[in-house]
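Here is a friendly briefing on a structure and the ligands placed in it. Have a look at the model first, and then we can walk through the surroundings of each ligand.

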Amino acid sequence: MADSQIYLASTTAPVNIAVIKYWGKRDPKFNLPTNSSLSVTLAQSDLRTHTTASCSASYKTSDSLLLNGQDQDVSGARTQACFRELRSLRQKLEDSDSSVPKISTLPLKIVSENNFPTAAGLASSAAGFAALVRAIANLYELKEDPTDLSRIARQGSGSACRSLFGGYVGWQKGEQQDGSDSFAYQVAPASHWPQMRALILVVSAAKKGVSSTTGMQTTVATSSLFPSRANETVPRRMKEMEKAVQEKDFETFGKVTMMDSNSFHATCLDTYPPIFYLNDVSRAAIKVVESINAAAGKIIAAYTFDAGPNAVIYYLEENEKEVAGLFKAAIGEKDGWGVERGQKLDANSAAYESVAKEAQVAVDLLKEGVSRVILTGVGEGPIKTEEHLIDAKGEPVKKA
Ligand code: ADP
Ligand code: DP6
């Protein structure tokens, strides 16, 4: 019954949030960036994609992807590029060893679940494409390492290449036209600096206005600030950031993180027509972070924003009360504080009074505009799992 055999493999993969932003493509076909970038991989206990890849001669349909119960279109060039490259690696394996089952041409059935909102500026595409590539590589028993796989995931979504690794991850832009030297690498594992925490203020869980793909192409075409960012500012900051991570120097890490987020959003404003990802609530989060740092007399909190209004605030565990605790004192009624770490948070009320006095308008805006919070921290890369979302008959597993 070899014909009806169902081949299966599963993985989970993390979200990553950049501290040096990728913004701009030098080649849209291979999805090659105009500048290098660097991110922190976030813990999968809080945010993760779970993907099962399977293939079988018994599958009646062509390649398919079910995401959170909804059929997705897999005919797009990006998904097709990932399928094509992974199939070609499997084909090589089959050609080199006749005992390896010939499965590279069988229809693929993929089932995936994100445990957080999709397309809401929470980097679902990064976790999603990293999981897709890792799951199919597991299915095909490929020997390629995460760096090799990052070159493939990059073609699904640029930021996805960084989600193949845990900890602190760089993506070197590379110089080659074919993208062979544009891949992700680990700057340091999560265990090197495990105290890094992230508080996410979910400002809008709605779909975003201008997609990253469209936005960055318009920026490259029209912004006069952009060339200096790509050619001078980012190369310098990549070095500063790698050093800050190696030396666990939060003040530099935080300052460069905030400055790079500001620089990226400045090029968005300098795009024609302008792109606004930040809103009043985002700016309120910036104001509160500034007040926290002013009260501490040094940088203990750092904000960063992707292509949307949600704030990600990095801080160290030792400052949990001063940073997350203070936000909890301001917006403790929101969903998300209920996790174990959040329950223990108890802001120093004198510190809160002082920040609230200085940033009263900002605190009021946060109360109005934040829908929920997510407390998380630095975490590991993709993890293989035997928990499959497709059963032995090749059907999606029904949720209880
Ligand atoms: P986000 O801000 O969440 O990254 P994008 O609009 O950039 O939003 O990306 C969302 C797209 O990423 C989805 O429409 C889908 O194509 C892809 N995606 C998200 N999650 C997954 C997943 N688990 N598996 C495959 N693709 C995914
Ligand atoms: C602002 O990786 O979503 O989050 O390659 O077109 O899919 P595509 O873009 P995407 O862009 C991410 C942009 C960013 C910054 C970052 O993650 O580095």
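A polar contact here is a pair of N or O atoms within 3.5 Å. With that cut-off in hand, take Ser-125: a polar atom of its side chain lies 2.9 Å from an oxygen atom of ligand 1, so the pair counts as a polar contact. Please keep in mind that this is a predicted model.

**Ligand 1 and its shell**

- Ligand 1 is surrounded by 15 residues, and the closest are Ser-112, Asn-114, Ala-119, Ser-124 and Ser-125.
- Strand 7 (64-67), strand 9 (108-114) and helix 2 are the elements that give two or more residues to the shell around ligand 1.
- Of these, helix 2 supplies the largest share, with 3 residues.
- The largest pocket is the space taken by ligand 1.

**A closer look at helix 2**

- Helix 2 covers residues 124-139, 16 residues in total.
- From first C-alpha to last, helix 2 reaches 22 Å, close to the 22 Å expected at 1.5 Å a residue.
- Is helix 2 mostly covered or mostly uncovered? Helix 2 is mostly covered, as 14 of its 16 residues are buried.
- After helix 2 comes Glu-141, which has a positive phi near 50°.

**Ligand 2 and its shell**

- How many residues surround ligand 2? There are 18 of them, and Tyr-22, Lys-25, Ser-157, Ser-159 and Thr-213 are the closest.
- Tyr-22 places a polar side-chain atom 2.6 Å from an oxygen atom of ligand 2.
- In the side chain of Ser-159, an N or O atom is 2.6 Å from an oxygen atom of ligand 2.
- Thr-213 has a side-chain N or O atom 2.7 Å from an oxygen atom of ligand 2.
- Ligand 2 has 460 Å² of accessible area on its own, and the protein covers 94% of it.
- Which element gives the most to the shell around ligand 2? That is helix 4 (residues 212-222), with 3 residues.
- The space that ligand 2 takes is likewise given as the largest pocket.

Definitions and conventions
Residues are numbered from 1 along each chain as its sequence is written. Chains are lettered from A and ligands numbered from 1 in the order in which they are written. This is a predicted model: local features need pLDDT of at least 70, side-chain atom pairs count only at pLDDT 80 or more; totals for chains, interfaces and linings use all residues. Side-chain values use heavy atoms; hydrogens and water are left out. Helices (H or I, at least four residues) and strands (E, at least two) are DSSP runs, numbered from the N terminus. The expected span of a helix is 1.5 Å times one less than its number of residues. Buried means under 20% relative accessible area, exposed over 50%, partly exposed in between (1.4 Å probe, protein chains only). A residue is near a molecule or strand if one of its heavy atoms lies within 4 Å of it. A polar contact is a pair of N or O atoms within 3.5 Å; within protein, one must be able to donate a hydrogen and the other to accept it, and residues adjacent in sequence count only if both atoms are side-chain atoms. Accessible areas come from the Shrake-Rupley method with a 1.4 Å probe; for residues, only the protein chains shown count as cover. On a 1 Å grid over the protein atoms alone, a cavity is a set of points where a 1.4 Å probe fits but cannot get out, and a pocket is an open set with protein on both sides within 12 Å along at least five of seven lines; lining residues have an atom within 4 Å of a point. A molecule sits in a cavity or pocket if more than half of its atoms lie within 2 Å of its grid points.
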